[in-house]
Amino acid sequence: MNRAVVPADLDALVAAVGAALDGDGPPVAPVPLLPRPPGSGSTPADVPAGTALVLRTSGSTGTPREVLLGADALRASGAATHERLGGPGHWLLTLPPTHVAGVQVVARAHAAGRGLTVAPPGEPFTPGGFAALVARAPRGERRYVSLVPTQLHRLVAAADAGTDDGAAGLDALRALDAVLLGGAATPPALLRRAWSAGVRVVTTYGMTETCGGCVYDGVALPGARVRLVPADDADPGVVELSGPFLAHGYLGEPDATAAAFRTDDDGTRWFRTSDLGRLDGPPDAPVLTVLGRADDVIVSGGVNVAPAAVEAVVGEVAGVGETCVVGVPHPEWGHEVVAVVTLAGAQRGDGATPGTAGAGDVASAPPDLVAAVRGRVADRLERAAAPRRVLVVPDLPRRGPGKVDRAAVARIAVGHGRTQPG
C-alpha cells in the first residue's frame, strides 16, 4: 500500500499530479479519501501500488466510489487525445480539478509540456471571464479547453442575446483549436449552433473509470475499442469500453471491481458502463451513439421511453434552454414523462457548480410551450414519449462538474405535483 496525498491548493495539485505521472511522487487524491470500513486493515490514505490518481465518482449511480488510475493509463489517454486533436497543445482549465474532466486537463497539460492557463479559483463561469482566460493563453500554438454542455450553453446564449461579453465569449471559443465537450449529453441543437458559429467542438464520451473521454465524436480514440453487449430486456445493448485507459478498479471494493471490469478469454479487459448505445457504420470504424443510461428508461403505458431521445427533441423547441426528462409515478400509466426545462436566455448559475431549484422557483410551462413540446416529440418520436407535463426552473440541479442530477430533477417533478392536464 502507498499513502495518497491531498494537495492543499491548485498549485500543489498541479505539481503533485505531474510528479505522480512521472513516477517521482506519491499517488494523488484531489479530495480526502472516504473512511475505510472497520476491520479493513487500511487507513483512508492507503491505496494499492501502481496508483497515480484516486478520483471520486459523482455518485450518479448511487454511492460515490473511488477510482484507481495508473500513470500508464493517464499517459496513454493524453497521448491518444493529442493524436486525435492534431498534436500537443496548451490547455485551459475551467472545470473543477476534483473530477476526472478537470484533473485530466492538468494531466494532459503536463504530458504536452506546453503549459496550463487556469481560470481564477472561486469565480463563476461567465462569457467575459472566459474571454479573459483565452486572452491570457499564449498564441502561436494549439490551444485546447474542456467544457461541460452547460458552459457552452451559457456562452452561446450570451452571444445570441447580443451582449458585448457574449460576443467576446464566442470569439474566444472560435480562437481555440478544439473545445472538448463532455460530462453530459449535449443537445443536438446546441451543437449545431456552435458548429455554425465556427466553434471546433469535439464531443467526448467516457467516465472516470476510462480516464475520462475515450470516444470522440462517436469514434474511439487510438487504442480504444467499443462494443455492445445484450441487456436484460433492452435493445440496443449496453456499452462496454476497452483499451489502455482503464482504471485498476475501485478502492476497497473488490466485488464492485469484479462486476464492472471483466476480462475476455483472449485477455482483453473491458469496462461495462451503465449506458445503452448504438453502433453505426462499418465494423472496422463504428460510430457510437449513446442513447442514455439503461436505468433511466421510462416505462409509460407499457412503452419504453429513452429520456435522452426526448431531451434531444425538446431542446429544439423555440424558447427552451436546457432539458432533463424524467419519469414519475402515475396511477394510470405507471410512470408519466415529465420534461423539466430552463428557458432560453434566462439568467442562471455558473454552469460548473451544482445548481438548485427551490419549490418556489418551479412553475408549469405556459400552455403554448407545453403544446409545442408535446407536438414536436409526438411527431419526431411517438406519442407515448411526449411529456405529459413541462416544468420550468431557473437552473437544473447538478452534481459533479455540471452533470445534471436526475434524482433531484425527479424530486422536483414529484414535488410540483400534477398541475397540468394529461
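User: What is the accessible surface of the chain, and what share of it belongs to carbon and sulfur atoms?
Analyst: The model is a predicted one. The accessible surface of the chain comes to about 17900 Å². The part that belongs to carbon and sulfur atoms is 54%.

User: What percentage of the residues of the chain count as buried?
Analyst: A residue counts as buried when its relative accessible area is under 20%. The chain has 422 residues, and the share of them that counts as buried is 50%.

User: How many helices and strands make up the secondary structure, and what share of the contacts with a separation of 6 or more comes from residues 24 or more positions apart?
Analyst: The secondary structure of the chain consists of 11 helices and 25 strands. Among contacts with a separation of 6 or more, those between residues 24 or more positions apart account for 64%.

User: Is strand 21 largely enclosed or largely open?
Analyst: Strand 21 covers residues 334-343.

User: Which strand is joined to strand 21 by a hairpin, and how many bridges do the two share?
Analyst: A hairpin of three residues leads from strand 20 to strand 21. Within this pair, Pro 329 has His 335 as its bridge partner in strand 21. Strand 20, residues 320-330, is itself mostly covered, with nine of its 11 residues buried. The strand asked for is strand 20, and its antiparallel pairing with strand 21 extends over nine bridges.

User: Which strand runs parallel to strand 21?
Analyst: Val 338 stands opposite Arg 389, which lies in strand 23. Four bridges join strand 21 to its parallel partner, residues 389-392, which is strand 23.

User: Why does Cys 211 not form a disulfide, and how many disulfides are found in the whole structure?
Analyst: A disulfide is a covalent bond between the sulfur atoms of two cysteines. The closest cysteine sulfur to that of Cys 211 belongs to Cys 214 and is 9.0 Å away, which is too far for a bond. Cys 211 is buried, at a relative accessible area of 0%. A search of the whole structure gives a disulfide count of zero.

User: How many residues apart are Arg 154 and Asp 395, whose side chains meet in a salt bridge?
Analyst: The whole structure contains 19 salt bridges, and one of them joins Arg 154 to Asp 395 at 3.5 Å, N to O. Arg 154 belongs to helix 5, residues 149-160, whereas Asp 395 sits in the loop between strand 23 and strand 24. Both residues are buried. The pair links distant parts of the chain, with a separation of 241 residues.

User: Which residues belong to the salt-bridge network that includes Arg 398?
Analyst: Arg 398 forms a salt bridge with Asp 395, with their closest N and O atoms 2.9 Å apart. Arg 398 counts as buried at 4% relative accessibility, and Asp 395 does so at 6%. Through salt bridges that share partners, one network unites Arg 154, Glu 322, Asp 395 and Arg 398.

User: Are Glu 316 and Arg 380 buried or partly exposed?
Analyst: The side chains of Glu 316 and Arg 380 meet in a salt bridge at 2.6 Å, N to O. The two residues are 64 residues apart, with Glu 316 in the loop between helix 9 and strand 20 and Arg 380 in helix 10. The relative accessible area of Glu 316 is 21%, so this residue is partly exposed. Arg 380, at 46% relative accessibility, also counts as partly exposed.

Methods: Residues are numbered from 1 along each chain as its sequence is written. This is a predicted model: local features need pLDDT of at least 70, side-chain atom pairs count only at pLDDT 80 or more; totals for chains, interfaces and linings use all residues. Side-chain values use heavy atoms; hydrogens and water are left out. A disulfide is a pair of cysteine sulfur atoms within 2.5 Å. Buried means under 20% relative accessible area, exposed over 50%, partly exposed in between (1.4 Å probe, protein chains only). Contact means heavy atoms within 4.5 Å. Accessible areas come from the Shrake-Rupley method with a 1.4 Å probe; for residues, only the protein chains shown count as cover. Two strands pair if DSSP finds at least two bridges between them. A salt bridge is a side-chain nitrogen of Lys or Arg within 4 Å of a carboxyl oxygen of Asp or Glu.
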